[in-house]
Amino acid sequence: MRKNILSLQGMNFPFFSVNTLIIGSGAASLNAALCLHEHGQRNIAIVTDCWGGGTSNNAGSDKQTYYKLSLAGKIPDSARMMAEDLFAGGCVHGDIALCEAQHSAQAFFNLVRLGVPFPHDRYGAFIGYKTDHDLRGRGTSAGPLTSHLMFETMAGEIRRKGLALFDRHQVISLLTDQEKGEKRVIGAVALDLNDLEKEVYGFVVFNAENIILGTGGPAAMYEASVYPESQWGAAGMAFGAGAIGHNLTESQFGLASVKFRWNLSGTYQQVIPRYVSTDDAGKDEREFLRDFFPDLGSLASAVFLKGYQWPFDPRKVRNYGSSLIDLLVYRERNLKKRRVFLDYTKNPGRGSDETFSFDILSEEARSYLENSKALLPTPIKRLNRMNRPAVELFCDHGIDLENEYLEIDVCAQHNNGGLKGNLWWESNIRHLFPVGEICGTHGVYRPGGSALNAGQVGSLRAALFIVENYGREPMNENLFQKKSGRQVEELFCKAQAMIEKTTAKEKFSAALTVIQKRMSSVAAHVRSLPEVKNACADAHRLYKEMSEGTGVKSSKDLPFAFRVLDTGLSHVLYLEAILEYLKKGGKSRGSFLVLDPEGESPNPGLEKTWRFSLGDEDHFVSRKILEIGLDDKGHIHKKWVDVRPIPEESAWFENIWKDFRDKTIFKR
Ligand SMILES: Cc1cc2nc3c(=O)[nH]c(=O)nc-3n(C[C@H](O)[C@H](O)[C@H](O)COP(=O)(O)OP(=O)(O)OC[C@H]3O[C@@H](n4cnc5c(N)ncnc54)[C@H](O)[C@@H]3O)c2cc1C
């Protein structure tokens with residue numbers, strides 16, 4: 001890495017040149033850095049706003065799942081079968097699904113080799129279990145903190161290898177140029193968060209032949225969110241540079257605790273806690289679910305099922321299914337304006353004429369509890385028996401499930417869509433490689449745990465492609481200055497203008513609150529065309545206002561302002577994508593329900609406004625993928641593209657060996 005000074009208009013910006021700049025320090029970015037290093041590319045640097053921040057290091061669940069090719073047991077498996085299952089999620093490109101399946105074992109064993117403690121038996125069988133949308137037991141787990149262990153293990157390796165790291169550097173813009181008629185990335189600008197009060201407000205410029213973008217999911221867009229607070233997302237800056245997004249309509253939502261953000265899946269539901277709502281002051285307690293189930297047994301069995309069926313799924317709302325619970329929690333909080341809690345100290349049905357007993361449960365629920373030796377008198381006793389660490393985890397975060405209620409909401413957890421990449425994870429902007437959650441390789445449904453697999457495979461493939469094709473030295477510094485100077489100056493002027501406006505920083509705070517409320521109320525798991533239409537128009541107005549008229553108190557507030565601008569632009573594109581989907585007649589699917597006055601009622605006790613219909617797999621929106629992006633003038637472009645099928649591979653060894661030796665396989 002070369003260090004220099006970039007002089008523009010009499011100002012001196014710290015300036016670094018590298019072959020590959022890796023933005024973010026989540027599991028995907030760290031793997032990209034290690035793979036590049038291992039394959040011989042040493043001129044690399046990681047730049048991250050917070051080492052240890054982001055989703056991978058800070059999120060988890062009851063048993064956080066990593067999805068991989070099945071490697072043990074009697075159920076046969078193959079990469080082809082795995083690709084077919086990923087593809088079956090709907091709106092998934094077949095070539096990408098095939099890559100994620102083919103590299104799955106390689107990526108998994110890389111983590112094992114580095115030291116992530118995935119369990120195996122005495123014969124070396126990395127035993128698996130069935131996760132959602134999975135018939136072959138491809139799930140595995142290193143416990144509730146699988147992704148944290150992945151981060152920790154790879155972070156240790158990064159330190160041992162002494163890779164260059166810019167911590168507390170928030171990237172605010174990507175620099176681009178034209179090459180052979182195509183747009184390409186040539187660098188990035190970051191704010192050094194320790195140096196904001198200097199003359200150049202902490203601006204640091206990177207000249208990079210390649211950028212691997214691993215900035216994670218769009219967490220900051222939602223008010224109800226189980227993403228860790230340290231995660232924001234930075235898709236806005238990629239959209240601003242011209243990157244195309246796809247499948248932005250597809251995210252996952254589910255029940256989570258709000259005081260300490262944690263996913264309430266698995267045993268948190270299987271022990272059958274009591275769902276209660278109260279008024280704002282904690283008074284007027286009600287077991288609100290009971291009005292919508294025919295008897296206590298069906299209610300308790302649906303709560304049990306929520307353990308396996310965590311993300312909200314409109315197909316599981318009818319017939320007293322487990323996703324009816326998410327809908328009722330949402331209704332209670334958003335429409336009735338009441339708070340909702342889980343009570344682990346008592347069984348459901350309190351104060352009614354029905355009494356909870358194990359005999360009223362479905363056979364599946366009862367036998368599960370029996371096999372777990374958890375036929376115990378209260379939910380907390382059952383949870384202590386089945387998963388004591390789950391109780392301790394909340395204790396460590398100041399919540400005592402033995403004595404207090406746990407406040408919950410239906411929260412955004414994961415974005416299945418995101419930026420588009422090709423089969424080497426290169427975006428439509430050449431030399432820019434989105435990896436991990438920001439790269440939306442999943443479609444409508446995805447097997448639990450496949451996000452972590454996709455992050456590892458994508459970052460591995462991006463690194464391989466860079467080493468083979470884009471390994472050259474970064475651009476000559478004078479040339480870089482010529483190509484990027486105006487972009488850096490414009491960005492700097494934008495920052496300067498914000499400071500000069502000196503309106504209160506709270507304007508950006510207020511805008512963020514508006515964005516988050518808007519996304520959680522109309523663009524989360526309950527959607528309707530009229531509401532999204534209005535929200536979309538409001539989103540454009542807000543983003544325009546923010547970009548043109550909002551100031552900050554001082555340069556110390558610039559990082560926050562740039563984040564809110566980024567989130568603002570992202571929410572415009574996400575809403576535009578949802579609007580387009582609904583206008584094309586798209587119905588409920590994945591993890592959202594589309595209200596439809598012509599549809600059926602999800603439950604006899606619910607108001608007419610809750611009518612909905614399920615999507616049809618032959619419908620236009622099921623056969624195509626919606627791509628969306630901005631042109632150079634900032635206008636939005638939308639395009640429905642065909643879903644690419646899974647390629648038929650040539651299975652002739654000699655031919656593939658030759659292509660491999662000739663490097664033909666690495667051609668774009
Ligand atoms: C509660 C919860 C449970 C989950 N459970 C599972 C599961 O069981 N199985 C599964 O497969 N997936 C699960 N997921 C999803 C999965 O954890 C994430 O998709 C994955 O960890 C994302 O990794 P990443 O490397 O892409 O991004 P992250 O780990 O989020 O990292 C993003 C990085 O980018 C940095 N960054 C962001 N913006 C900037 C910027 N502008 N400049 C510099 N740096 C920046 C952040 O600080 C961070 O270091 C879960 C997610 C949540 C929230």
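A salt bridge here is a side-chain nitrogen of Lys or Arg within 4 Å of a carboxyl oxygen of Asp or Glu. Side chains of opposite charge can pair when their charged atoms come close.

Before going on, some ground rules: this is a predicted model, where local features need pLDDT of at least 70 and side-chain atom pairs count only at pLDDT 80 or more, while totals for chains, interfaces and linings use all residues. Residues are numbered from 1 along each chain as its sequence is written, and side-chain values use heavy atoms, leaving out hydrogens and water.

Now zoom out. The chain is divided into domain 1 (259-410) and domain 2 (485-621), with bounds that come from an automatic or database domain assignment. Their centres, taken over C-alpha atoms, are 31 Å apart. Where they touch (heavy atoms within 4.5 Å), domain 1 brings 17 residues and domain 2 brings 20.

How much area do domain 1 and domain 2 bury between them? It's about 1,500 Å², with 66% of it on carbon and sulfur atoms. Buried area is the accessible area (1.4 Å probe) that two parts lose on being put together, summed over both. On the domain 1 side, Pro 314, Arg 318 and Tyr 330 supply 37% of the area buried against domain 2, more than any other three residues.

The rule finds two salt bridges across this interface. It also finds five residue pairs in polar contact, both partners at pLDDT 80 or more. A polar contact is a pair of N or O atoms within 3.5 Å; within protein, one must be able to donate a hydrogen and the other to accept it, and residues adjacent in sequence count only if both atoms are side-chain atoms.

Next, look at the ligand. It is surrounded by 36 residues, and the closest are Asp 49, Thr 55, Ser 56, Thr 65 and Glu 437; a residue is near if one of its heavy atoms lies within 4 Å. A polar side-chain atom of Asp 49 sits 2.5 Å from a ligand oxygen. Thr 55 uses a polar backbone atom instead, 2.8 Å from an oxygen atom of the ligand.

Finally, the salt-bridge count comes to 52.
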